[in-house]
Amino acid sequence: MQAHVSSILLGVRDMDRAKQFYTEGLGWKIKNDYGISVFFESDGASPVGFYGREGLADQVGTSPEGSGFSGLVLTYVVRSEARVDEIMAEAQKAGAKILKPAGALPWGGYGGTFADPDGYIWSLGYSARGTDQPYAE
């Protein structure tokens, strides 16, 4: 696995308040608004997006409350389901805690999640639907 972050998803409790803060307060421009998630123009950097906190926590297999979930998930997008499986196995071998084994995702992709030894959550994903994905590899 390379040292690369495909996108940064922030779990937010109030989507409208978060959008207002970043668009009106900081001048960020929305690239895609899917209702349950929002992504901003990245100007060539790793894309930043919001996802409802409860939905994002559920997607990666943890609780949205307490010390189990900080509201931050680092995503790593690859070009095949097989690569997702390979990285999940590598992470587990290295001591990661598997939060959600690789499998079909509610939005149509394929992926899994793990927590590193410090508890930072990585979400691995693949989708055949997108052609402009921020691929890490």
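Predicted model: local features only at pLDDT ≥ 70, side-chain atom pairs only at ≥ 80, totals over all residues.

Me: Which residues of helix 2 are buried?
Reply: Residues are numbered from 1 along each chain as its sequence is written, and side-chain values use heavy atoms, without hydrogens and water. In helix 2 (residues 53-60), the buried ones are Arg53, Leu56, Ala57, Gln59 and Val60. Buried means under 20% relative accessible area with a 1.4 Å probe, protein chains only; helices are DSSP runs of H or I with at least four residues, and strands are E runs of at least two, numbered from the N terminus.

Me: And where do they sit around the axis?
Reply: On the same side of helix 2, because they cover an arc of only 160°, taken from the directions from the helix axis to the C-beta atoms.

Me: What do they pack against?
Reply: Several strands, among them strand 5 (72-77), strand 7 (110-115) and strand 8 (121-126). Contact here means heavy atoms within 4.5 Å.

Me: Switching to strand 8: how many of its residues are buried?
Reply: Six of the six, so strand 8 is largely enclosed by the rest of the structure. Ile121, Ser123 and Gly125 are on one side, with Trp122, Leu124 and Tyr126 on the other.

Me: In what sense does strand 8 pair with strand 7, parallel or antiparallel?
Reply: Antiparallel, over six bridges, while strand 5 pairs with strand 8 in the parallel sense over five bridges. Pairing needs at least two DSSP bridges between the strands.

Note on methods: Buried < 20%, exposed > 50% of the residue type's maximum accessible area, 1.4 Å probe, protein only.
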